[in-house]
Amino acid sequence: MNKNKQQGVNMYEIFETKERLSADNTLEAQKVRNTLKEHRVYLINLMASPGAGKTTTLVRMIEELKKDYRVGVMEADVDSDVDAKTISKMGVKVIQLHTGGSCHMTADMTARGMDRLNIEDLDVVILENIGNLVCPAEFDTGANLKLVILSIPEGDDKPLKYPLMFQVGDILLFNKIDTKAIFDFDEERCKEHVRKLNPNMEFYPISAKTGEGFDDVINAIRKRIEAWRNVE
């Protein structure tokens, strides 16, 4: 008897693809880390909601980091090349990555993007991930630093609604602090929510529009880059 049929009833198999996908991505992420180590390139994964200020923040980061490092950028998006056009004016290498409808970057996508970017002559690569607080948090890209932006208008309850993003992040930027007088955002309450998920998270209030707070952020990133580069 066909093992998939019993007494005239068609049986079916349940195959959990997410576990396999996660396992495969973990292996690919380690390959990315090995490549980064081989070429001494530091990878930053920048994640946030649409409209949180990723690209504006990225522009300010590039302005400062390119003073000390050769910087390259991977702009991930479902479609369009709007962000890549913006970054191309910064005088750094940039590549636009279209995900074909996918709401996140995987380690394999990241590896292929790095290959097309030709990272041999770079020191720092910044990946601007797809704009949302869910999917990008689920996939390890192999990045050395996970930089998360939460803008003031989004509200201080987002760590409760999207906990994984705040569990995996290393640095959290509170962007648009110049709007705090308008929106009901309790920074300390938000930090408390995040610390319960991730006691090691670092917090920096910034305004990508005015530049407020960026000196502290860039110094923190520089320290991480140098500490990583100095590890044998």
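Modeller: Let us begin with Arg-189, which counts as partly exposed at 37% relative accessibility. Buried means under 20% relative accessible area, exposed over 50%, and partly exposed in between, with a 1.4 Å probe and protein chains only. This is a predicted model, in which local features need pLDDT of at least 70 and side-chain atom pairs count only at pLDDT 80 or more, whereas totals for chains, interfaces and linings use all residues. Residues are numbered from 1 along each chain as its sequence is written, and side-chain values use heavy atoms, with hydrogens and water left out.

Biologist: With which residue does the side chain of Arg-189 meet in a salt bridge?

Modeller: A salt bridge is a side-chain nitrogen of Lys or Arg within 4 Å of a carboxyl oxygen of Asp or Glu. Here the partner of Arg-189 is Asp-156, at 2.9 Å from N to O. This pair links distant parts of the chain, since Arg-189 belongs to helix H8 and Asp-156 to the loop between E7 and H6, 33 residues apart. Helices (H or I, at least four residues) and strands (E, at least two) are DSSP runs, numbered from the N terminus.

Biologist: How many salt bridges does a search of the whole structure find?

Modeller: The search finds 16. Among them is the pair of Arg-33 and Asp-140, whose closest N and O atoms are 2.8 Å apart. Arg-33 lies in helix H1 (residues 17–39) and Asp-140 in the loop between helix H5 (135–138) and E7, so the pair ties together parts that are 107 residues apart in sequence. Both partners are partly exposed: Arg-33 has a relative accessible area of 28%, and Asp-140 has 23%. Lys-161 and Asp-157 also form a salt bridge, with 3.4 Å between the closest N and O atoms; Lys-161 is exposed at 52%, and Asp-157 is partly exposed at 25%. Salt bridges may also join into a network, as with Lys-180, Glu-187, Glu-188 and Lys-191.

Biologist: Which residues of helix H8 are buried?

Modeller: In H8, which spans residues 187–197, the buried residues are Glu-187, Cys-190, Lys-191, His-193 and Val-194. They lie on the same side of H8, because they cover an arc of only 160° around the axis, the arc being that of the directions from the helix axis to the C-beta atoms. They pack against strands E7 (145–151), E8 (171–175) and E9 (202–205), and against helices H6 (158–161) and H7 (163–168).

Biologist: Which residue caps the N-terminal end of H8?

Modeller: The cap is Asp-186, which places a side-chain oxygen 3.2 Å from the backbone nitrogen of Glu-188.

Biologist: How should I read strand E8: which residues point one way, and which the other?

Modeller: In a regular strand the side chains alternate between the two faces of the sheet. From E8, Ile-171, Leu-173 and Asn-175 point one way, while Leu-172 and Phe-174 point the other way, and all are buried.

Biologist: Which strands pair with E8?

Modeller: Two strands pair if DSSP finds at least two bridges between them. E7 and E8 pair in the parallel sense over five bridges, with Leu-147 opposite Ile-171. E8 and E9 also run parallel, joined by four bridges, and Leu-172 stands opposite Phe-203 in E9. Together, E8, H8 and E9 make a right-handed β-α-β unit.

Conventions:
Contact = heavy atoms within 4.5 Å. Polar contact = N/O pair within 3.5 Å; in protein donor to acceptor, adjacent residues only side chain to side chain. Right-handed = clockwise from strand over helix to strand, strands pointing away.
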